[in-house]
Amino acid sequence: MKCPNCSSQMFVTDETANTKSHVTFYRCSICVSEHVSSHPVSTAVSHESTEYFDAPAGDTKRYLMV
């Protein structure tokens, strides 16, 4: 990943993963800025399965881009 401030290469300082998300922390060695990247972890539903449609509306996962 490139630093948004000085465009130099950033290195990974820490990674955290759980059942809901994967978070990676980066730091720039030149300007010492920090950056956090995260994305949701979801299990793929088989196309042959009807689990998604059989699940109650409250149990389905919905993601909101902010």
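## Terms and model

Strands are DSSP runs of E with at least two residues, and helices are runs of H or I with at least four residues, both numbered from the N terminus. Two strands pair if DSSP finds at least two bridges between them.

This is a predicted model, in which local features need pLDDT of at least 70 and side-chain atom pairs count only at pLDDT 80 or more, while totals for chains, interfaces and linings use all residues. Residues are numbered from 1 along each chain as its sequence is written, and side-chain values use heavy atoms, with hydrogens and water left out.

Three strands make an open sheet in the order 1-2-3, with antiparallel pairing. Strand 1 and strand 3 are the edge strands, each pairing on one side only. From one strand to the next, the twist averages 20°. The axes behind this angle are lines fitted to C-alpha atoms, for helices over the stretch in contact, and angles run from 0 to 180 degrees between N-to-C directions.

## Pairings and hairpins

Strand 1 covers residues 10-17 and strand 2 covers residues 21-28. They run antiparallel and are joined by seven bridges. Three residues lie between them in a hairpin. Across this pair, Glu-15 stands opposite Thr-24.

Thr-24 also stands opposite Ser-37 in strand 3. Strand 3 spans residues 34-40. Seven bridges link it to strand 2, again antiparallel. Tyr-26 has His-35 in strand 3 as its bridge partner. Strand 2 and strand 3 form a hairpin with five residues between them. In that turn, Val-32 has a positive phi of about 65°.

## The salt bridge

Side chains of opposite charge can pair when their charged atoms come close. The cut-off used here is a side-chain nitrogen of Lys or Arg within 4 Å of a carboxyl oxygen of Asp or Glu. A search of the whole structure finds one salt bridge. Glu-34 forms a salt bridge with Arg-27, and their closest N and O atoms are 2.1 Å apart.

Glu-34 is exposed because its relative accessible area is 57%. Arg-27 has 28% relative accessibility, so Arg-27 counts as partly exposed.

## A buried serine

Ser-8 lies in the segment before strand 1. Ser-8 counts as buried because its relative accessibility is 15%. Ser-8 touches Met-1, Lys-2, Cys-3, Cys-28 and Ile-30, not counting residues up to four places away in sequence. Contact here means heavy atoms within 4.5 Å.

Notes: Buried < 20%, exposed > 50% of the residue type's maximum accessible area, 1.4 Å probe, protein only.
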